[in-house]
Amino acid sequence: MISNDIGLAAEILKNEDVIGFPTETVYGLAGNIYSTKAVHKIFRIKQRPLHNPLIVHIKQIEDLDTVAIEIPELAKIMAHKFWPGSLTLLLKKHPDVPELITAGHETVAVRIPNHPVALSLLHQLDFPVAAPSANPFGSISPTTPEHVDAYFKDELPLVLNGETCKAGIESTIIGFKGESLVIYRLGAISKEEIENVAGPATLYNKEENTPEAPGMLSKHYAPKVALHLTDNLSESIRKFSDKKIGLLVFRQHREDQNSKYQIVLSPTGSLKEAASKLYAALHELDAMALDIIIAERFPDHDLGKTINDRLERASKR
């Protein structure tokens, strides 16, 4: 059930159940971090491996020390710069944070979402919520309440309506190793934006066995249809000429292809716009009974790095 009733959503969470939860990045499966029942339901219905940690969402910076300890000064600077917003900090966890949330790690991922509905809900709660993306593990992330409802219609008592997610792609996750800043997941805040504030950052965003942060597994964000990522659209179109092809391109419509089966993410060349529309476009193409989706590789800077990261993981089979 898709609903605008924030009070009802709060009551469901207080009763240790799980809801669809809007943020500015993507929709999440939200539950009380201190409720074993709720967190287990998140893992179960999402079919998420228990070794893959969850992100904790808090309502204000003053709550940070309830979930994290020994917070580096640089982390505080980044929080004040980017919160509420699409930046997740990986910090030493507070002893009260359950190991189920952190997958046994001594660190916890935490952020404040920049969405009025999410913040209004969080202010009605006296606990933080865990909220991984509201999709079956490994599939396309949801950016509308309808996406969540289609995935979990029979599993969720409510999907809180926050309309279409503005950023449309997951948060950037950063952590701190000594004096060094580490990016564990590329996201809606670019590496360049991070480095403009914090200085040089090391990218460490792939780990299969014991990921320290969400989004580090190689296969992720994938449509049901096979996805092929290419630097040469014409060559790939020829290679799969016997297939029913869907095209995902940055800014230029391909006149040699049936327009019904291609999506241009940003005719103006805006990487921010392209990132915000990426998952919605993949959902749309995935529903077209195609044989293959051919995606154009994006310029490898700013949010183009994030888009390429998602497409590379979506193309893994």
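**Pockets and strands**

Visitor: Which helix gives the largest share of the lining of the largest pocket?
Guide: That's helix H9, residues 271-286, with 3 residues in the lining. Keep in mind that this is a predicted model.

Visitor: What volume does that largest pocket have?
Guide: The largest pocket comes out at about 410 Å³.

Visitor: And which residues lie nearest its centre?
Guide: Ser 86, Ala 167, Ala 188, Ile 189 and Lys 272 lie nearest the centre, out of 16 residues that line the largest pocket.

Visitor: How does that lining divide into nonpolar, polar and charged?
Guide: For the largest pocket you get 7 nonpolar, 4 polar and 5 charged residues.

Visitor: OK, what about the second largest pocket, what's its volume?
Guide: About 180 Å³. Its lining includes Ser 139, His 147, Tyr 151, Lys 224 and Asp 286. Helix H6 (145-152) and H9 are the elements that give two or more residues to this lining, and H6 gives the most, with 3.

Visitor: How many charged residues are in that one?
Guide: The lining of the second largest pocket has 2 charged residues, along with 6 nonpolar and 3 polar.

Visitor: Changing topic: where does UniProt place a domain?
Guide: The UniProt record, an unreviewed entry, puts a "YrdC-like" domain at residues 3-189. Over residues 3-189 the chain is 26% helix and 21% strand, and the end C-alpha atoms are 29 Å apart.

Visitor: How do E9 and E10 run, parallel or antiparallel?
Guide: Antiparallel: strand E9, residues 172-177, is joined to E10 by 5 bridges. Phe 176 stands opposite Leu 181 in E10.

Visitor: What's in the hairpin between those two?
Guide: The hairpin of E9 and E10 has 2 residues between the strands, and Gly 178 takes a positive phi near 65° there.

Visitor: And how do E10 and E11 pair, parallel or antiparallel?
Guide: In the parallel sense, over 3 bridges, with E11 at residues 201-203.

Visitor: Which helix does the chain cross through from E10 to E11?
Guide: Helix H7, residues 191-198, and this β-α-β crossover is right-handed.

Notes. Residues are numbered from 1 along each chain as its sequence is written. This is a predicted model: local features need pLDDT of at least 70, side-chain atom pairs count only at pLDDT 80 or more; totals for chains, interfaces and linings use all residues. Side-chain values use heavy atoms; hydrogens and water are left out. On a 1 Å grid over the protein atoms alone, a cavity is a set of points where a 1.4 Å probe fits but cannot get out, and a pocket is an open set with protein on both sides within 12 Å along at least five of seven lines; lining residues have an atom within 4 Å of a point. Grid points are joined across faces, edges and corners, and a volume is the space filled by probe spheres set on the points. Helices (H or I, at least four residues) and strands (E, at least two) are DSSP runs, numbered from the N terminus. Ala, Val, Leu, Ile, Met, Phe, Trp, Tyr, Cys and Pro count as nonpolar, Asp, Glu, Lys and Arg as charged, and the others, Gly among them, as polar. UniProt positions are given in the numbering used here, feature names are shortened, and annotations may be inferred rather than shown by experiment. Two strands pair if DSSP finds at least two bridges between them. A crossover is right-handed if, with the strands pointing away from the viewer, the path from the first strand over the helix to the second runs clockwise.
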